Each structure stands twice: as C-alpha cells, then as structure tokens.
Amino acid sequence: MNKRMILFTVLAAVVCCVQAKVRLPHLIGDNMVLQQQTDARLWGWAAPGRTVTVTTSWSDQKVTAKAGKDGRWLVKVRTPKAGYQPLSITFDDGEAVTINNVVSGEVWVCAGQSNMEMPVKGFGMCPVEGYNHHVLDAAQSKGVRSVKIPSIMRATPQDDAQCEWRQCSPKTVGEFSATGYFFARLLSRTLDIPVGLIEANKGGSRVESWLTKENLEKYSSDPTDSVEICNKWAQWDYHRSLLWGNGTFNPILNFTVKGILYYQGCSNVGDPGDQYSERMKLLVDQWRSQFGLGEIPFYFVQIAPYRYDDNDNAISGALLREQQWKAAQIIPNSSLVCINDLVYPYETTQIHPTQKQQVGERLAFTALNRDYGFETVQYKSSSYKDMTIKGDTVFIHLQDNYWCDAPFEQMEGFEVAGEDRVFYPAQARHFWQPGGGYWDEAIIVTAPEVKQPVAVRYCFKNFQIGNVKNGGNLPLFPFRTDNW
C-alpha cells in the first residue's frame, strides 16, 4: 500500500512538472526577429491559474501574466533598438524555458498567393532569374531571417502552426520567398539592421480565402460551412474561402509586426464589377483589426501580364489590375507596385514570371520612402491623370512621373478608339512646346484609322508590355479612359 502511495505521489509530481512547463507557439522561438522599439506581444499556454514570469536579456524588468481557465496567457515586453546582438527571453511558470539568438529589427508579413510563395530556388518549370548569384550573395544577408507558416486548411481558426525561424545563408536562402527576400535584403542592407519575414501565404488562393467567417457571411454569398466549401471547390482546393485563413494566417495574428506585403489576384480574375477592390479593402480592414496594431502599412503588387482566357488581347486580367488600382485608392496607408514591365515577351503563359528581384526591391523602395525616411527614393509609378482632344490628336497627362515621361519617341502600348469603340494601335511620343501652358507638355497619341478619337488605352490587355517609364525608371500603370 505504501509502495502504491509512493508511486502515485511520484507520478503526480511528474505530471505536475509536465503541466507546469510553459508552452510557447512555434512562432516564438530561437532565431526569432522582434519588432524593434515597441511593446511586442509574447504569448503561450500554462496550467490554468499559474503565473508566468517573462525576463529578457536586455532589461532588468520582469513581466508577469496569469494563465486563464483555458491556459492562455499574453504579455507585452518593450523591445530594444534594432541590432545584431543576440538576445534571449526566458519564460518561467515553475520550470524555465529560454529561447536564444533572438534579434530586434523590422518584421514584415509576406501574404498572398503563389507569386509571393515562390521561393528563391523557384518552382518546377518556373525559375527565378539569377538564382546562383543570389545563393552566393546570401552570405552577405545574415541580417535577414524568415519563418514559413505551413499552408494548411482548417475549419476553425488556429492559434499555432508547425514552423521555425531560419537565418539567411547560401544553404537556406533558396527556401525563402523570393519577393520577400529581395525586399528584406535591400531593407536590411540599407538600414543595416535585421529584417524578419513571416511568410503566411498559399498558391492559388483567392482574396476570399483569407476572409473570416463573419465577413464572408456579411459581405459575400460564399459558403462558410467547411463541407460546403470543399464541395464548391472540389477540384481546386486552393480556391477555398475561409479555410486557408483559419489554418495559415490566424496563427500569426498575435505577433507584433511592422506591416504587410501582399501579392495576389490571379485567382480572382473574372470577378464582377468592383467586387475585388471592395473585398481587398475588407481584408485589409480585417487584418488590421485582428493584429490590433493600428493602420499598419499595406503594400501590394499588381498582377503581371499573362494570357488569361487563352487570349492575349482579352481584358479580364486588365480589369483585375484596374480593380487593384481602385483598391489602392480606397485603402488607407497602402501603395500599389506596378510590374507591367517585369515579364519577358515569351512569358505569355508563365504565371510565375522569373524577374522577382525587381518586384521585391520595388516594395522595398516603397517602404524606405514611406516608413524609413528616405524621401528622395522614387517609388511611385506614373499613372493617368487626364486628357484633352484636339482634332485627331489626344494629349495625355500623367501624375507621379517625377518630371519625366520616357522614352521621348516611339512610346509603345497605346491604343485609340473612336465612337465605334474599335481600338487601333497608336503612335505616341512626348510633346513639349517651350513657353507654353499646362496643355503644352504631354504625351500625344494618334492613330491613322481614328480621325475623331474619344478614348485611349495603355496596355489594357491580358498580355501587353509597354515601354513608358517615369523619372524613377518605373513603369506606367496600365489604364483606360473609357468604361466600355
């Protein structure tokens, strides 16, 4: 009897020790990057009612929290200025757990579909340009770290994911999001601080894939029952609404971040009216509310030229790009990156264009100008402002062109139509009359077939590459002046 009591006591003690040991989400671990100089959230689970004490290597302060009935706890710790000094954090609820090699820096989320997910090593049949050079150069990017959230579906929101932080090196860089890596590399080297990427994305996903059940029920006709969702998209699981957000994005929402990078849209080509722009704003509002960090930056990428509908000249892709442009106008603290020039003529059916370095760097230009004080960095693409018609000639004026519309002659990508709504390829060049007024500096557009023009389009097709750029060598956004 006494032996049984002793055995029971020992087992009880072991169980208590197991229960006492604090458990952390996988996102909080060795090699992590903390958002610098902020009240960063740290969280986890412990035995209900138990007090968790958090101490850091950079401060004498101790922060405590009591685990709730469900075992959850959360604290906020003030993080230091960015730097490469390895830091540590200890969590103690009776048995200490310490994470090491943590650094303070800037943390950005990499969200969206496959062109954000696409790694530096590329996909099958889809290479990233300059791969070998990027691998060798990665030895100079030790300040860049990332964590990939597994792309999984769940019927209910998840609060943890199997993942771990990784440091950039020639051995690991191939697995990093290419767009995210080139963004972080330029940011890290320019600011000389660590940059962390949280990669939470899924190839083929739609904007609805990331919306919550509440938003889907209120603003869409999409099903929210998991069985109905799976039945609706039985053939293409990557199109499923709600489930990807529950499994892939929800686990990161407690983490303190600087902002969100987003590259998505191909799977929403064909959406009616302004549905996409409205749901994009809905998604950004949702994420900002869920993160609880205020109006954090949201920088996204316009989809590249591609032969949707098996037709270069159709405009379904152009209409989605137009929706992305509209989204940028209605989402506060957002900016859209144009990449209409970052495809090669032979990539008409390549949904994953090879030029990813420039995509990431244009996102970095945006962040450096808007968030890090580099006001002389030119990050905006020029866009259509207005036009006037004189006889058979259309005078187009652009905005955000940094005082330059190039090339001076032989501009490509313009089309003109008359009242019959038939568009013809147009000749376009820069026009300037010294000493003239506002209307005397413009792009003049004409087509021999159109004597009385009423509308102009620029690269408003599924696959059309123009050559007009501004003073920052950034491409002109595709546009149309009609609403046909």
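Is phenylalanine 300 buried or exposed? Phenylalanine 300 is buried, at a relative accessible area of 1%, where buried means under 20% relative accessible area, exposed over 50% and partly exposed in between (1.4 Å probe, protein chains only).

The model is predicted, so local features need pLDDT of at least 70 and side-chain atom pairs count only at pLDDT 80 or more, while totals for chains, interfaces and linings use all residues. Residues are numbered from 1 along each chain as its sequence is written, and side-chain values use heavy atoms, with hydrogens and water left out.

**Overall chain**

The protein chain has 484 residues, of which 55% are buried. Its secondary structure comes to ten helices and 21 strands; these are DSSP runs numbered from the N terminus, helices being H or I of at least four residues and strands E of at least two. Along the principal axes, the C-alpha atoms fill a box of roughly 105 × 50 × 40 Å.

**Aromatic pairs**

A search of the whole structure finds 21 aromatic pairs. Rings of Phe, Tyr and Trp (its six-membered ring) pair if their centres lie within 6.5 Å; planes under 30 degrees apart count as stacked, over 60 as edge-to-face and the rest as tilted. Two of the pairs are tabulated.

| Pair | Centre to centre | Angle between planes | Class |
|---|---|---|---|
| Phenylalanine 298 and phenylalanine 300 | 5.3 Å | 40° | tilted |
| Phenylalanine 414 and phenylalanine 479 | 6.4 Å | 70° | edge-to-face |

Phenylalanine 414 lies in strand β16 (residues 414-417) and phenylalanine 479 in strand β21 (residues 479-480), so their pair ties together parts that are 65 residues apart in sequence. Both phenylalanine 414 and phenylalanine 479 are buried. Phenylalanine 298 is also buried, with a relative accessible area of 1%. Ring pairs link Phe298 and Phe300 into a cluster with Trp210, Phe249, Tyr262, Trp287 and Phe291.

**Charges over rings**

The charged end of arginine 23 sits over the ring of tryptophan 45, 4.0 Å from its centre. Lysine 390 lies over the face of phenylalanine 395, 5.2 Å from the ring centre. The criterion is NZ of Lys or CZ of Arg within 6 Å of the ring centre and within 35 degrees of the ring normal.

**An open sheet**

Four strands, in the order β14-β15-β19-β18, form an open sheet with antiparallel pairing; two strands pair if DSSP finds at least two bridges between them. The edge strands β14 (383-390) and β18 (427-432) each have a single partner strand, so one side of each is left without a neighbour in the sheet. Six bridges join β18 to the antiparallel strand β19 (residues 441-446). Histidine 430 stands opposite isoleucine 443 in β19.
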